Amino acid sequence: MHVALIGAYGSAGTAVAGRLVDHLGDELSRLTLVDDGDPGGGLCILRGCMPSKEVISAAGHRYSARHDDRLRGTTPELDLERVVETKDGHVENFARHRRAAVHDMAEREGVEFRHERATFVDDRTLRLAPSGDELTPDYVVVATGSTINVPDLPGIDTVDPLTSADVLDATSLPESGVVMGFGYIGLELVPYLAEAGVDLTVVEHDARPLDEADPDFGDELLDIYREEFDIEVLTHAYEQRVEATDEGVRMHLEHDGEAETREAAALFVFTGRRPDVDGLGLENTAVEPGRGWVDDTMQAREDPRLFVVGDVNGKEPILHVAKEQGFVAADNILAHATGTELVEYQNVHHHVVFSAAGVYPYVRVGHSAASATEAGIDHVTVTRRASDDGVFKTKAAPRGLATLVVRGDGTVLGYQGMHYHADVMAKTMQFAVEMGLDVHEVPDRAYHPTTPEILDGLFREAKAELAER
């Protein structure tokens with residue numbers, strides 16, 4: 001059996017390859033890894049979570065320095081050249097390690113790496129460029145990731161908007177900006193821009209950010225951005241058109257049902273990403289990419305021998321999800337080839353947004369109170385404020401809150417946190433949710449040792465609520 005993998009350097013691609021190489025010489029006779037990345041490394045390493053956390057960390061340090069009234073003296077400024085230089089150095093190291101891992105696999109008998117671009121000629125044939133060689137594998141895996149989404153807003157092509165890629169590489173920034181997009185990309189990069197000295201106006205379509213969160217979390221985060229970072233966030237606002245001016249850009253929008261304009265030196269566009277299927281030649285196959293084009297088995301609906309994993313399938317553009325989908329796809333290729341039953345990818349909701357410059361990250365694992373209610377699950381929800389936790393006070397980071405959702409029988413269903421160190425608690429709570437632990441079974445202090453009180457309090461309160469039933 002021959003498997004060709006398009007997008008071998010990405011997180012999803014390396015997960016597929018790493019799983020399949022262990023079956024060489026048995027079910028698998030040939031594995032062709034294809035990627036034209038230059039430099040190779042995958043989206044997360046080169047343009048996603050790793051470089052963004054690099055710049056966010058610099059903003060977080062500046063925020064902490066200016067926010068802590070125990071410190072005196074002039075608040076340091078961000079050295080953008082140094083920020084970018086440090087980010088580039090670390091990213092290249094990460095990418096070099098990823099390339100080495102892929103190339104090491106290609107040293108094994110039966111594995112070949114092709115630093116080329118692959119295009120479908122028909123359902124079963126791939127043409128490589130620039131060599132012109134053609135492959136006819138038994139199975140194809142597409143793991144080409146995503147690309148920046150720029151909305152089709154009237155006038156946007158006249159103002160040269162700045163995207164997340166531009167911000168990550170910027171050694172100088174405009175004095176002011178209007179921001180489109182307040183999802184996870186905007187929530188992470190907007191505080192960085194603010195700490196770098198950019199005066200910002202953010203356009204938010206809804207009453208609050210964080211669509212996946214219960215309302216209290218979005219409200220709290222909105223207050224933090226306005227009060228701690230001095231960012232103007234226009235809620236219930238919708239972009240109508242944009243135009244270039246002598247000084248920069250003018251945004252025409254509808255805000256609370258009224259027409260308004262905002263002017264700034266630049267337009268920042270953080271409106272998400274879209275699956276990167278450009279140039280794959282899928283129009284030469286039976287496959288039609290779009291909503292629902294990939295089943296939970298990771299197979300394209302129109303072609304059971306085509307597996308699509310990671311951001312490119314449009315399901316959930318998250319690093320750990322891409323890896324998990326890659327493992328499922330590899331297992332299902334082997335299962336399909338032997339006629340055994342395939343499995344579906346089952347994702348336990350677990351997201352981390354490094355909001356508020358990473359000082360107040362948002363985490364959701366499993367059910368929120370709203371999703372548990374919508375699913376008709378009998379449950380108990382308890383909430384604690386971070387300001388009630390002495391550890392957070394001593395660290396001068398007292399804002400935020402956390403919520404625990406527990407089934408009526410005591411099973412831990414979900415956790416949301418937006419507070420200092422919420423990100424490091426995600427794995428503990430993911431384990432509790434995935435294993436279906438009872439709230440009474442979770443041992444004391446079975447979480448990150450620097451933030452015990454908020455979880456301890458949540459579990460204590462949940463037990464008390466259940467006891468009263």
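Here is a walk through some ring pairs, a sheet and a helix.

The model is predicted, so local features need pLDDT of at least 70 and side-chain atom pairs count only at pLDDT 80 or more, while totals for chains, interfaces and linings use all residues. Residues are numbered from 1 along each chain as its sequence is written, and side-chain values use heavy atoms, leaving out hydrogens and water.

Let us begin with the aromatic rings. A search of the whole structure turns up seven aromatic pairs. Rings of Phe, Tyr and Trp (its six-membered ring) pair if their centres lie within 6.5 Å; planes under 30 degrees apart count as stacked, over 60 as edge-to-face and the rest as tilted. Take F217 and Y362: their ring centres are 5.8 Å apart and their planes stand at 70 degrees, so this pair is edge-to-face. F217 belongs to helix 7 (residues 215-228) and Y362 to strand 20 (residues 362-366), so the pair ties together parts that are 145 residues apart in sequence. Helices (H or I, at least four residues) and strands (E, at least two) are DSSP runs, numbered from the N terminus.

Another pair joins F268 and F270, with centres 6.0 Å apart and planes at 35 degrees, so it is tilted. F268 is buried at 0% relative accessibility, and F270 is buried at 3%. Elsewhere, ring pairs link Y63, F182, Y225 and F229 into a cluster.

Next comes a sheet. Strands of a sheet pair through backbone hydrogen bonds, either parallel or antiparallel. In this model, an open sheet has three strands in the order 4-5-6, with antiparallel pairing. Its edge strands, strand 4 (117-120) and strand 6 (134-135), each pair on one side only. Two strands pair if DSSP finds at least two bridges between them. Strand 5 (residues 126-129) is joined to strand 6 by two bridges, and R127 has E134 in strand 6 as its bridge partner.

Finally, look at helix 6 (residues 184-195). Its twelve residues reach 18 Å from the first C-alpha to the last, close to the 16 Å expected at 1.5 Å a residue (the expected span is 1.5 Å times one less than the number of residues). Helix 6 is mostly covered, with eleven of its twelve residues buried, including I185, L189 and Y192. After helix 6 comes G197, whose phi is positive, near 100 degrees.

Terms used. Buried < 20%, exposed > 50% of the residue type's maximum accessible area, 1.4 Å probe, protein only.
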